[in-house]
Amino acid sequence: MRSIGQATPQSPPPLGRRSVLAGIGAGAAAMLAGCARGNSTAVQPGTTSLANDNATWDQGYVAAGRELKKLTGYALRPLSNPNPTSYKQVTQISLQTTKATDMIKWASGYFLKSLARTGELTDLSSLWSAYERKGWVTEQAREPMSYRGAVYGVPLYESYYVLFYNTALFRKHGLRAPDTWEELLHNAEVLKKAGVIPFVATQTGNWPAYEWFQELVSKVDPEFYGELVSGKARYTDPQAHQALQIWQDFMRKGWMTPADFDQNNGAAALKSGRVGMFLHGSWQSQGIAATGLKPGTDFDAFVLPPVESSTRRSVITESGVLAVPKKAVSHEAAMANAANWLDPKVQKVWTDFLQDASANPRSRPGNPVMAGLKQRALEERWTQLPRYGESGPPNLVQGNTDDLGAFMTGASSPRSTLRSMADRAAKEWAAWERDEA
């Protein structure tokens, strides 16, 4: 699972230079002391250190690093801190020392903007321009990596939000991946009558509460969704209300798992046929494959179709970030690896490990499920929309996610939920703009 901005959607606010140690826990302080002693960030010839919060990816980083070394002379040396809160604190603090790791894994959008505000990240704009000349990035990918016009990160991966399904279960009930909203509703009705819960939906873990919100709003009106998450539209507008009414209708019909469903059990539930469709990031392919289901044969995926057939197709897209601290111990080596991260040779090894997709449109995923979706998205020019979790000031996202979780439990109505979200948005966007001034 992508840790930053997911398991804990609200990152701590960037720490000021004079208050850098204020409020930090003893564990984080101890870890910072270790870094200051050079225990983990000291120069190791032929490598660049990579701070991250997901140790389960270490094998993938090492494999991708072997390909990078062929191009740059530097492998990747992952330094993993599995505690997301501690990782964020330690990273923010270490950026201000002379012992910063060479590269860091972070979240895109407003999490990256908040970190770039500190002035401690390297401007990667020239590197990005080189990527563009090679055709290794799309125009849409730049904004979530940028702050005040400069680029501060390169895409670590590019995931779509999709609905996974068990192909044997669909065949059993005469279903196919829906291409229209009407077909989606038909599938849900058939599965429900057969005793199968049509959709996984949960607020357990907090952040998953916004998955169906972003999906339904964007499929009602993708242009409105883009304006909403950029603070230009209101949560009380008709499009948002329509989305929550659809969501409420799905829940009342028993089409969704209980709000306290453990999403970690989603893959197993899909395999057993207890649920029909599992909305999640395409990175979940790895977890489903781990149950023994083969991608493209035993399970497949589709992107939720638009509510109205005349609406342009869109897909919620998530991309993590690799950033380079200004005070990286091996800054030159880190820049070389950042400049070659999206090389197709590196990306093939990396995405094969993830069972997911690359931000490089010229890198074809080895996973046939993702390869098919990426190809269709490019051919049909789907609108790529940012994931809700990175699309606004962190305090706004956290508070609104809490509201959506309450809505899922039946504790609030669509109208009261959206009113609360709108009030918070007005305050948090104003605060963000004040800080920008």
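**Strand pairing and helix packing in the predicted model**

Strand 7 pairs with strand 11 (residues 314-318) in the antiparallel sense, over 2 bridges. Strands here are DSSP runs of E of at least two residues, helices are runs of H or I of at least four, and both are numbered from the N terminus. Two strands count as paired if DSSP finds at least two bridges between them. The model is predicted, so local features need pLDDT of at least 70 and side-chain atom pairs pLDDT 80 or more, whereas totals for chains, interfaces and linings use all residues. Residues are numbered from 1 along each chain as its sequence is written, and side-chain values use heavy atoms, with hydrogens and water left out.

In the pairing with strand 11, Y160 has T317 as its bridge partner. Strand 9 (residues 275-281) is joined to strand 7 by 5 bridges, in the antiparallel sense. There, F164 is bridged to F278. Strand 10 (residues 299-302) also pairs with strand 7 in the antiparallel sense, over 4 bridges. In strand 10, A301 stands opposite F164.

Buried means under 20% relative accessible area, exposed means over 50%, and partly exposed lies in between (1.4 Å probe, protein chains only). In a regular strand, side chains alternate between the two faces of the sheet. One side of strand 7 carries S159, Y161, L163 and Y165. The other carries Y160, V162, F164 and N166. Both faces are covered.

Strand 1 (residues 47-52) pairs with strand 2 in the parallel sense over 6 bridges. S49 has R77 of strand 2 as its bridge partner. Contact means heavy atoms within 4.5 Å. Axes are lines fitted to C-alpha atoms, for helices over the stretch in contact, and angles between N-to-C directions run from 0 to 180 degrees.

Strand 1 is mostly covered, with 6 of its 6 residues buried. T47, S49 and A51 point one way; T48, L50 and N52 point the other way. A51 stands opposite L79 of strand 2.

Helix packing was examined next. Two packed helices are described by the angle between their axes and the distance between the axes. For helix 10 (residues 238-252) and helix 16 (residues 394-408), the axes come within 11 Å and cross at roughly 40 degrees. Helix 10 contributes L244, W247, Q248 and M251 to the contact, and helix 16 contributes L404, F407 and M408. These residues divide into 6 nonpolar, 1 polar and no charged. The nonpolar class is Ala, Val, Leu, Ile, Met, Phe, Trp, Tyr, Cys and Pro; Asp, Glu, Lys and Arg are charged; the others, Gly among them, are polar.

Helix 17 (residues 414-436) has 23 residues and should span 33 Å at 1.5 Å a residue; its end C-alpha atoms are 32 Å apart, which agrees. The expected span is 1.5 Å times one less than the number of residues. Buried residues of helix 17 include P414, L418, R424, W429, W432 and E436. Among the elements covering the buried residues are helix 4 (110-116), strand 4 (146-147), helix 10 and helix 16.

N367 is in the loop between helix 14 (344-354) and helix 15. N367 is buried, with a relative accessible area of 1%. A polar atom of its side chain lies 3.1 Å from the backbone oxygen of Q355. N367 touches S285, P295 and Q355, not counting residues up to four places away in sequence.

N206 is in the loop between strand 8 (197-200) and helix 8 (211-220), and is partly exposed at 22% relative accessibility. R381 is in the loop between helix 15 (368-380) and strand 13 (383-386). R381 is exposed, with a relative accessible area of 63%.

Technical notes
Polar contact = N/O pair within 3.5 Å; in protein donor to acceptor, adjacent residues only side chain to side chain.
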